[in-house]
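Please keep the sequence and the coordinates at hand while reading.

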Amino acid sequence: MKIVDARVIVTSPGRNFVTLKLVTDDGLTGVGDATLNGRELAVAAYLTEHVVPALIGRDASRIEDTWQYLYKGAYWRRGPVTMTAIAAVDTALWDIKGKAAGMPVYQLLGGRSREGVTVYGHANAETTDGVLAEVARYVDLGYKAVRVQAGVPGLATTYGVSGDKMFYEPADAAIPSEAVWSTERYLTHTPAVFARVRDEFGPQLRLLHDVHHRLTPIEAGRLGKSLEPYALTWMEDPTPAELQESLRLIRRHTTTPIAIGEIFSSIWDCQQLIAEQLIDYIRATVVHAGGITHLRRIFDLAALHQVRSGSHGATDLSPVCMSAALHLDISIPNFGLQEYMRHTAETDAVFPHDYHFADGYLHPSEEPGLGVDIDEELAAQFPYRPAALPVNRLEDGTLHSW
Ligand code: KDG
Ligand code: MG
């Protein structure tokens with residue numbers, strides 16, 4: 001079963017996506033998501049120039065060997081561009097293997113460990129009353145877990161709070177836009193928002209919050225401690241986590257569970273966080289952490305240390321990534337939660353898929369392979385548009401993270 005064609009497809013049905021499609025000599029096809037928000041064309045070029053020529057003629061059944069070949073063969077290991085490109089190849093090869101076997105990929109990963117994949121949605125609004133209305137909307141839709149983000153009084157905009165509620169998109173301009181951030185205002189306001197949400201929705205609804213890497217460890221300790229009465233399922237990305245040991249400081253001050261990893265690209269980015277039990281949920285994803293093969297390795301390490309999965313699932317991860325994620329989520333022993341931001345109708349049309357949402361759960365496809373494809377003719381009608389993520393400055397003009 002040899003790879004005879006490999007196409008890199010860039011399309012923008014509402015937002016940019018990069019997809020790799022592999023074709024074998026016996027007519028099977030496989031797809032992999034290769035989208036790296038704001039850096040899409042870097043991955044597209046990496047695939048087109050450096051990976052596709054090496055794939056033609058390779059045995060499509062050799063998933064592990066191809067992963068090792070691309071990882072070790074590049075010499076330049078890790079990094080988001082490389083690992084997203086490898087992820088796309090790996091995901092497409094799992095899709096092909098499932099089709100060749102006549103089974104959904106989750107069966108090849110060991111079969112079901114649960115009946116459905118519990119997902120969380122994003123309730124966000126400028127005001128606390130608006131947040132309450134958004135949480136109610138997700139509860140009405142059947143969600144059992146909701147991420148809560150509120151505008152901060154005194155700040156013109158807040159990352160994570162968007163105008164379009166169901167289809168949130170932070171990549172808003174070709175050149176990064178700039179916003180103003182105040183840690184002092186944020187730390188005062190956020191616990192008050194959660195007090196209202198808990199009061200209104202009671203103790204059973206699972207609540208989450210994303211800090212978007214904006215705090216220092218001691219500030220994060222303070223936030224976690226102040227949120228303890230509201231029993232969050234997790235506080236996400238409290239600090240930039242390049243310095244993994246900084247999480248020790250946060251842990252010393254709070255029992256609010258911590259989720260980190262949406263920007264990680266390999267097991268080496270989270271090895272210490274997991275082995276020292278400095279986090280509770282690992283948020284690495286199929287598309288950015290080396291595909292199904294490498295993400296399963298991360299989740300297996302996490303399982304040894306009582307850390308659960310909590311994969312990133314924002315709109316910049318295409319339905320191809322979401323399809324792949326669900327096969328892993330349904331099969332691993334240490335699944336925690338899956339983020340699920342809905343895609344626009346245009347995106348869903350370009351990526352026909354049959355995973356579905358019901359009663360707070362996503363259910364993976366039962367089709368052979370991943371159960372997702374790309375409509376290349378339709379994709380061609382949505383040309384690429386440069387779009388970058390914003391940056392933050394403190395009130396005195398200092399550049400801050402996010
Ligand atoms: O590409 C960046 C977004 O996916 C990210 O900002 C969303 O933090 C995010 C989340 O948790 O979904
Ligand atoms: Mg996040």
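Asp210 is buried, and Glu262 is buried as well; buried stands for under 20% relative accessible area, exposed for over 50% and partly exposed for what lies in between, with a 1.4 Å probe and protein chains only. The model is a predicted one, in which local features need pLDDT of at least 70 and side-chain atom pairs count only at pLDDT 80 or more, while totals for chains, interfaces and linings use all residues. Residues are numbered from 1 along each chain as its sequence is written, chains are lettered from A and ligands numbered from 1 in the order in which they are written, and side-chain values use heavy atoms, with hydrogens and water left out.

Asp210 in strand S7 (residues 206-210) and Glu262 in the loop between strand S9 (258-260) and helix H9 (271-275) are 52 residues apart and link distant parts of the chain. Helices (H or I, at least four residues) and strands (E, at least two) are DSSP runs, numbered from the N terminus.

Another buried residue is Asp95, with a relative accessible area of 0%. Asp95 sits in helix H3 (residues 80-101). Leaving aside residues up to four places away in sequence, Asp95 touches Thr29, Gly30, Val31, Val105, Gly369, Leu370, Gly371 and Val372, where contact means heavy atoms within 4.5 Å.

Next come the helix pairs. The axes of H5 (residues 128-141) and H6 (residues 183-201) come within 10 Å and cross at roughly 45°. Axes are lines fitted to C-alpha atoms, for helices over the stretch in contact, and angles run from 0 to 180 degrees between N-to-C directions. That angle makes H5 oblique to H6: under 35 degrees counts as roughly parallel, over 145 as roughly antiparallel, 65 to 115 as roughly perpendicular and the rest as oblique. Residues making the contact include Leu132 and Val135 of H5 and Val193 and Phe201 of H6.

The axes of H2 (residues 63-73) and H10 (residues 291-304) come within 9 Å and cross at roughly 90°, so H2 is roughly perpendicular to H10. Ile63, Glu64, Trp67 and Gln68 of H2 meet Thr293, His294 and Arg297 of H10.
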